[in-house]
Amino acid sequence: MYVAVKGGEKAIDNAHRLLAEARRGDPETPELTLDQIREQLGLAVDRVMGEGSVYDADLAALAIKQACGDLVEAIFLLRAFRATLPRLAESQPLDTARMTIRRRISATFKDLPGGQVLGPTFDYTHRLLDFDLARPAEAPPGSAQDHGQAPDQPSPKDESMPRVTDLLADQDLIEREVPGDPHGPVADLTREPLAFPAGRDLRLQNLARGDEGFLLALGYSSQRGYGRTHPFAGEIRMGEVAVEIVPEELGFPIVIGEITVTECQMVNQFAGSATVPPRFTRGYGLVFGASERKAMAMALVDRSLRARELGEDIVAPAQDEEFVLYHSDNVEAQGFVQHLKLPHYVDFQGELVLVRGLREEALARRKGAAE
Amino acid sequence: MNAIENTNHGGNGGHGGNGAGGHGGYNFAYLDEQSKRMIRRAILKAVAIPGYQVPFGSREMPLPYGWGTGGIQVTASIIGRDDVLKVIDQGADDTTNAVSIRKFFVRTAGIATTEETGQATIIQTRHRIPEQSLLPGQILVYQVPIPEPLRWLEARETETRKMHGLADYGIMHVKLYEDIAKYGHIETSYDYPVRVNGRYLTAPSPIPKFDNPKMNDMPALQLFGAGREKRIYAIPPHTRVESLDFDDHPFEVQTWSEVCALCGADDTYLDEVIMDDRGTSMFVCSDTAHCAERRAAGHRGPDGDAAPTGLVP
């Protein structure tokens, strides 16, 4: 009759077996390979690398497979793995002006040095289900047979691509981005806990690792009037950049590899102040891979969070750094929300005792009043 | 594929018990020694300032936040090869999460475990303090979800840190007073705030207030780990721990009119087990090890022969 919690260990083992079965699905269907995930679900891989904060497409693909496609779970797997890795070096700041461009657009200028490069984007697709994709293609996509002609856009672009914000800065129309001390310490919230007020380095790290959905909603809220920042997408660029480190024994930078990143520079209004003439301000987003929605949302939120620095009234959630930075991490958030399914019966018993006591007293009072 | 092929990490195979006492490519008790040292420094500071929340560089653990990552990091940082570990959740050794955490340390540290409170050198707990008095030399490690006792009154960490700095705990006294004015009682049954060593207002973690008196003058060291919130705090042995109250509304703990149905104890914290859909329930000790010891010593409750069955595997 009395069902206690004996047998927990066996139950856990069985749960793991059932999970493995559910992951595999129908064994008649061929098993997914990591190559397939990496090559054909690349945007999922990019999101997991970004929020998992490890640039490794194979590990991200493995995490996605292991998590049955649950991307937040995959991010968690990658983060837990990351925590066991040594920190070998700090890279030099990425120079995105030297990016090998695959996509580059500006919403603020019709044309600009380097031109606009549409690149691979969903932007102008009509969202009609393509039933041709429901069966395996007979010829590789992009071949003449496929769409009549191959994409004629030369890619990737390798010419000089000055950033739009640099062009504006040349005319002093936008605030200068003063580089920090390249040898100074860089905040790392995976080593030291968040502390406030948070510097921009800490904030950008937090947002880059932050949940895309959370940042998307916050950025959206700022557009709808909750802390309006009057943004323009000055520039969005996606492509490959070199990562450099300076080994102590060499004393000069060497390239250790290339990563794909998406960078978004928002250009926002600023009325100026007693000491600063009116000029545009910046919001910045940078994420691993092709994750444009996240980069744009990040740039909106970064700019919103500069409210204190720019002397703006803090009236909206997107401007509140404690609110945003403490709640952006989906590994933390999913854990704490889901921990509610762990047993709480000791505390609940305490509440039961309390509520029963309060009810008895209330009933006695009512009875006393009636008599 | 190099990253995957070259790594020892990952996978569930290969239990501990190798030369390093660890698991596969992982260090003893999972955390690397640098991280352990960082955590031990935080613990030392916490012991030196009883009840003060020390920020620490909490690591991402292979268990989710909310499952006890703070307690696990504290235990991993203090555990040695000769330690004997007991893990409880809701007072019981065999709740699924307690089983899972115990298994984690067996796998990564190869240490001995026990269910007997008196045999353990380290007891990691969620939501309870064992009924049996703890001994000098033992360490009780609490898993803490929200380390800030003022959090539900003031959401901002920047504000609550100031309040602690100034020992300005007026809002908590006002809250307790308003409870009494509204309900006639203080309306907090667990995570009931305490004052440690007459200085810091401290969250005892969500233990029932029934357990609060055990914290006072405890011979064992009490360590608290909050992984997601990245805080560690401590109560050294034999420290004064007072539950907040008023002269005319003294602190009191939960009582039951029932006794434990299995062992007959009338002085333990009881779990209510619902027996049917007509309101019948039975009450049993939440501390399963204590209950088993009492039954082994011949104590019997009204339903003492009921054999605990199992969670449906």
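**Arginine over a ring.** I looked up Arg228(B) and found its charged end over the ring of Phe336(A), 3.6 Å from the ring centre; a charge sits over a ring if NZ of Lys or CZ of Arg is within 6 Å of the ring centre and within 35 degrees of the ring normal. I also noted Arg81(B), which lies over the face of Phe28(B) at 4.5 Å from the ring centre.

**Basis.** The model is predicted, and local features need pLDDT of at least 70, side-chain atom pairs pLDDT 80 or more, while totals for chains, interfaces and linings use all residues. Side-chain values use heavy atoms, without hydrogens and water, residues are numbered from 1 along each chain as its sequence is written, and chains are lettered from A and ligands numbered from 1 in the order in which they are written.

**Aromatic pairs.** My search of the whole structure gave 12 aromatic pairs over all chains. Tyr26(B) and Tyr30(B) form a tilted one, 5.2 Å centre to centre with 35° between the planes (rings of Phe, Tyr and Trp, for Trp the six-membered ring, pair if their centres lie within 6.5 Å; planes under 30 degrees apart are stacked, over 60 edge-to-face and the rest tilted). Tyr26(B) counts as buried at 16% relative accessibility, and Tyr30(B) counts as buried at 8% (buried is under 20% relative accessible area, exposed over 50%, partly exposed in between, with a 1.4 Å probe and protein chains only). I recorded Tyr26(B), Tyr30(B), Phe104(B) and Phe105(B) as one aromatic cluster.
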